[in-house]
Every structure is written in C-alpha cells, then in structure tokens.
Amino acid sequence: MKTKHLIDLEDLSVSELMDIIRLANQIKERPQDYTDVCKGKILATLFYEPSTRTQMSFKTAMLRLGGSIIGFDNPQNSSVSKGESLKDTITVVGGYTDIIAIRHPLEGTAKAAAMYSAASVINAGDGGHLHPTQTLTDVVTLYNEKGTLENMTIGLCGDLKNGRTVHSLIKTMANFKNNRFVLISTPELSIPQYIKDVLNASTCTYTEVPSLAEAMPMLDVLYMTRIQRERFASEEEYEKEKGVFILDREKLLDAKRDLKILHPLPRVDEIAVDVDYDDRAKYFDQTVYGMYARMALMKTMLDDNDRSTASRLFDTHNVKCSNPRCITAAELYLPKIYREVGGDMLLCKYCESRTLI
Ligand code: CP
C-alpha cells in the first residue's frame with residue numbers, strides 16, 4: 001500500500017482496493033493460513049463515540065490475525081477527561097502500537113491524528129464525514145453478492161446528509177464504470193455538495209428522488225441508512241425526519257428478484273424486522289464481510305510497517321473553517337490547511353467543508 005494511513009478510501013488506488021477485496025476473500029476461505037500473520041503487532045482502538053460493529057470487528061480481526069489489542073471505548077476513562085489534546089494522546093499511543101483505529105464525533109479527526117502518529121491511523125468514523133472501513137465492508141459485500149462493482153443502479157436511502165457511510169460509499173463506487181446512483185431522501189437530509197461535486201466529476205450519473213417506492217423497481221442495490229439522531233441540532237428537528245422511509249415486505253413486492261439490501265447498521269426502524277427473512281437482505285452477512293475486510297486491510301498495512309511521522313504542517317491560510325463540527329474548532333493548535341477551489345472558496349483539508357476566504 002502506498003499510503004501509511006487510511007483516512008478516506010480514496011487514499012487507495014482502485015488496484016490496491018481490489019487487492020484488499022481479494023485478500024479478504026482468501027482469508028474468509030482459509031482463515032487457518034492467517035492465524036499468526038500479525039503476531040507481535042498491537043492495535044489501539046480509540047473510540048470517542050459509541051460503536052458495536054466497527055470496534056468489535058477491528059478487535060476480532062486483529063485477534064484472529066494473532067496480534068493484540070489495547071484502547072478505550074469511553075474517553076472519560078482516559079486522560080482525555082483531564083484535558084489531554086488529540087495531538088498528545090495520539091503521539092503517546094502511536095509510540096505504543098502499530099495501528100490506531102480512531103472514531104470521533106468531530107469531522108477530520110483521523111486526518112489530524114495521522115499528522116502526529118508513528119503508528120498507522122485508520123479512520124473508524126469521523127462525525128458525519130467519512131467511514132472508509134464501512135465502505136470496505138460494503139464493497140467486499142457487493143463484490144461477493146453481486147459479482148461486480150460496475151454497471152449497477154444503487155439506491156441510497158435515509159439520512160444522506162449526515163450518513164458518513166453513504167458519503168464514503170458514493171466516493172468509492174463513483175470510481176467504477178456505469179454506476180447510477182438514486183439518492184432517496186427528504187430535501188432536509190439530502191447529500192452534501194462535496195459529494196455532488198465528486199459525482200459530477202465522475203462518469204456516473206445520479207438522480208435525487210423523494211420516494212422509496214418510486215425508486216424501488218429500478219434498483220440493483222438498496223443501501224438503507226438510519227436517521228442520525230445524534231447529529232441533529234434539536235430533538236424537534238429529528239422528530240420531523242424520523243420514520244419517513246421504512247422498508248417493509250410490501251415495498252419489496254416491486255423490487256428486482258436479485259436486489260441486494262445493505263445497511264451499515266445499527267438499525268432503528270427503517271427496515272421492518274420481517275425483511276430480515278427475505279433472501280435479498282444482506283445486512284447481517286455484511287457485518288461478517290466487514291471483519292474479513294478489516295483483517296485484509298490491517299495485514300496489508302502492517303506488511304509495510306512504516307513508522308515515519310509526517311513533517312510539521314503550517315497554516316496555508318489564516319482562516320477559520322466554517323464547519324462548527326470540524327476538528328479544528330476544538331483542537332485549536334491544528335494548522336489551518338486548505339485547498340483553493342476557485343473564486344473566493346477554500347476547501348478544508350480536514351472536513352472538506354467550503355469556507356470563504
Ligand atoms: N456500521 C457501524 O459503524 O456500526 P457501529 O456504529 O456499531 O460501529
């Protein structure tokens with residue numbers, strides 16, 4: 001792998017991504033060949049936000065590869081509760097371990113962590129921004145269940161604004177030929193502009209529709225998502241959005257026979273429980289593919305064993321990021337780094353939000 005860290009799945013070339021998918025399948029076929037390939041290696045899971053699947057599948061993956069695990073799932077039980085900065089926490093943990101999987105409620109945190117870490121950093125979810133190892137899980141699932149990553153009509157339904165898994169998945173699937181995206185949401189929870197920019201720059205097409213029933217007959221893949229209650233400014237705003245899109249057996253009457261239904265989970269009420277018994281429902285299989293995907297990723301990263309630390313970065317512009325959920329709003333020592341995107345606009349390199357100069 002050319003990159004030391006995995007912050008965005010875009011850090012991998014398509015051929016590196018395909019190598020990881022193939023390795024995940026090899027490990028799934030013959031796990032006995034991989035039981036000590038990470039012997040002596042240590043993974044830290046630093047979870048500043050709750051998780052079941054991502055945290056446990058990372059831990060299980062490392063244990064199944066013969067390595068060891070440390071970490072926290074509640075920062076209040078660490079020196080973060082005494083005011084320790086992200087920079088200091090990461091510098092220390094990076095000195096103890098070989099890989100850090102970090103989840104944080106603020107956007108751009110994994111990118112910031114990678115600037116201070118001797119260990120490889122994996123983004124295990126940064127606020128409403130990205131979740132690349134969920135996407136790795138999703139593409140391993142699609143490759144196995146559809147036999148291809150091309151030529152599909154992919155419906156994404158629910159909270160497309162705050163759903164980091166949706167953002168990462170679209171960015172990745174837009175690299176494959178002839179995919180068509182059907183974006184199913186309310187106007188309030190529609191896809192952010194930076195993802196539309198990615199789609200507009202790709203060869204893929206997209207449409208935005210307000211109805212799941214309308215979209216259903218054309219879909220090869222349906223990616224359902226939860227309305228992300230924790231990202232809403234108020235309970236009142238959440239109440240307006242919850243329960244709008246619910247997949248049930250009746251809606252599936254109009255679906256293709258070879259549709260595959262994915263969901264990153266956790267589910268709240270957006271998929272009725274009796275859909276679980278439809279053979280097109282793949283979301284629990286998806287969780288198992290995720291463990292093999294993370295085994296393949298960590299083995300590949302550790303084979304390279306790069307312990308170099310990044311050079312110090314300095315402000316590119318003396319401008320505050322416009323996104324209040326950007327990590328730079330909380331960790332004030334971070335250099336303000338932007339890419340110029342034309343006109344008076346800057347793109348924050350942590351959270352990818354646009355800010356006026
Ligand atoms: N899909 C996912 O990220 O699940 P968790 O929040 O349980 O890790």
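Predicted model: local features only at pLDDT ≥ 70, side-chain atom pairs only at ≥ 80, totals over all residues.

Reader: Okay, and the overall fold: how many helices and strands does the chain have?

Author: The protein chain has 11 helices and 12 strands. Its radius of gyration is 20 Å, close to the 21 Å from the globule rule for 357 residues, so the chain is as compact as a globular protein of that length.

Reader: What size of box do the C-alpha atoms fill?

Author: Roughly 55 × 55 × 40 Å, taken along the principal axes.

Reader: And what share of the residues counts as buried?

Author: Of the 357 residues, 57% do. As for the surface, the chain exposes about 15500 Å², and carbon and sulfur atoms supply 49% of that.

Reader: What about contacts with a separation of 6 or more, how much of that comes from residues 24 or more positions apart?

Author: Those pairs account for 71% of such contacts in the protein chain.

Reader: Can you give me one pair to look at? Say, how far is Gly71 from Leu46?

Author: In sequence they are 25 residues apart, and in space 5.4 Å, C-alpha to C-alpha. Gly71 sits in strand E2, which covers residues 68–72. Leaving out residues up to four places away in sequence, Gly71 touches Thr45 and Leu46.

Reader: Switching to cysteines: how many disulfides turn up in the whole structure?

Author: The search finds 0. Take Cys157: it is in no disulfide, and the nearest cysteine sulfur, that of Cys204, is 20 Å away. A disulfide needs the two sulfur atoms within 2.5 Å, so that distance rules out this pair.

Reader: Is Cys157 buried or exposed?

Author: Cys157 counts as buried, because its relative accessibility is 0%. Cys38 is buried as well, with a relative accessible area of 1%.

Reader: Last one, Thr300. Which helix is it in?

Author: Thr300 lies in helix H11, residues 283–304.

Reader: And why does Thr300 count as buried?

Author: Its relative accessible area is 18%, and buried means under 20%, so Thr300 falls on the buried side of the cut-off.

Reader: What does Thr300 touch, apart from residues up to four places away in sequence?

Author: Thr300 touches Met1, Ile20 and Leu23.

Key:
Residues numbered from 1 in each chain as written. Heavy atoms only, no water. Buried < 20%, exposed > 50% of the residue type's maximum accessible area, 1.4 Å probe, protein only. Helix = DSSP H or I, 4+ residues; strand = E, 2+ residues; numbered from the N terminus. Rg over C-alpha atoms; globule rule 2.2 N^0.38 Å. Contact = heavy atoms within 4.5 Å. Areas by Shrake-Rupley, 256 points an atom, 1.4 Å probe, with all protein chains shown as cover.
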